[in-house]
Amino acid sequence: MDLFDYMRETSMEKESPLASRLRPQTLDEIVGQRHIIGKDKLLYRAIKADKIRSVIFYGPPGTGKTTIARVIANTTSAQFKQINATSAGKKDMEQVVEEAKNALGMYGQKTILFIDEIHRFNKGQQDYLLPFVEDGTVILIGATTENPYFEVNSALLSRSIIFELEPLSKEDIKTLIRRAVYDRERGMGAYDAVITEEAEDFLADVANGDARAALNAVEIGVLTTDRSGDGKIHIDLSVASECIQRRVVKYDKEGDNHYDTVSAFIKSMRGSDPDAAVYYLARMLYAGEPVAFIARRIMICAAEDVGNADPQALMVATNASLAVERLGMPEARIILAQAAIYVASAPKSNSAIMAIDRAMDYVGSHETAPVPSYLRDAHYKGAASLGHGVGYKYAHDYINHYVNQQYLPDAVAGERFYEPGTLGYEKKMGDYLKKVKDAAAGSSE
């Protein structure tokens, strides 16, 4: 490195964005991701021992993929090369491989190649790397926001360990925010700024696990906010909302606003108003309500308020719940909207919940009646000698696969728990039950 390179690098360190300047230099400075870099974990031990092998980091933006790669660069004795798959081509890789061969042959020094956005490389570019990863010419560290099992060649995957990074927790983000505001060496501490707890909470919520988003907002706030009379720069809720371009929504996740909004959301779906359902959904998403929580509410409504009037509603809601957990935001908003609109627009029936509640009330207030002997299990040893199963009528042996037979215990016979609804598919269910029962009754007369 000549003098000009040194001066350029030093200048870039000072002028680079806050999120870049605050990147941890050591393992112990990393915030979050304890499940893969805790002191008892494989990756932590491998980095400490300088025994890193090819790995792929997979996770949402701002969760620390590049950060961990940089820490490895600061820790390892190997030479560290970095390229970005969005702009690099085969020529760049050929140069890295040539330098890696020279370093290994002349000095016995290994080379770590960090490829950001590795999923952007096409199959041919990924195939080019394979033999050099396999023979140890380069140790690959790939970073991707896309599922590597779909986007990275299986041959590369088989030679790498995949580590999935999770969105940072709210407390993790708040730790980084405080470090950004008050650290005088790499943060904004020299500006003599202070941040309110309310602003911290808001930024940590809105960042939604993305550290870079929160740190960018802090930097903008400190650089663009005038000093107050006390000579300090105050980052309050108003400043924070402007810097991250998100309006503050009155929504306390532990208080009335939370429960009132959720209640209105459910009642809107129950009341067959898809517009209102989507509006309250948007309010919850805007305020950072967990998508898994919203999905659970939709599933409950599909079962409780739609029921068998449209059995597909529960399938739509359940699949939506699975999908949002896999995708996360922002795509999850589309899936939740689709499910909420479906449930709101479906015919309604609460007969299932009425039936189970009536049955639960009955069971709770009456003695437990014995199961009729002909319905008892006849398969275990000695059951036949006790008369279990004797006299049972097998429904499939009869017309319409139905036969008049008492299934309730004698003490409960005649009780009615389920009343079919009159809308949608449930009307067909009710008509079918009446039809086969009437046919069976007519044939026995």
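Q: Which residues of H15 are buried?
A: In this predicted model, the buried residues of H15 are Ala 276, Ala 277, Leu 281, Met 284 and Leu 285, where buried means under 20% relative accessible area, exposed over 50% and partly exposed in between, with a 1.4 Å probe and protein chains only. Residues are numbered from 1 along each chain as its sequence is written. Local features need pLDDT of at least 70, side-chain atom pairs count only at pLDDT 80 or more, totals for chains, interfaces and linings use all residues, and side-chain values use heavy atoms, with hydrogens and water left out.

Q: And what follows H15?
A: H15 is followed by Gly 288, and the phi of Gly 288 is positive, near 90°.

Q: Switching to charges, how many salt bridges are there?
A: The count comes to 16 salt bridges, each being a side-chain nitrogen of Lys or Arg within 4 Å of a carboxyl oxygen of Asp or Glu.

Q: Which residue does Asp 305 pair with?
A: Asp 305 forms a salt bridge with Arg 270, with the closest N and O atoms 2.8 Å apart. This pair links distant parts of the chain, since Asp 305 is in helix H16 and Arg 270 in helix H14, 35 residues apart. Arg 270 also forms a salt bridge with Glu 304, at 3.9 Å between the closest N and O atoms.

Q: Is Asp 305 buried or exposed?
A: Asp 305 is buried, with a relative accessible area of 7%, whereas Arg 270 is partly exposed at 35% and Glu 304 is partly exposed at 27%.

Key: Helices (H or I, at least four residues) and strands (E, at least two) are DSSP runs, numbered from the N terminus.
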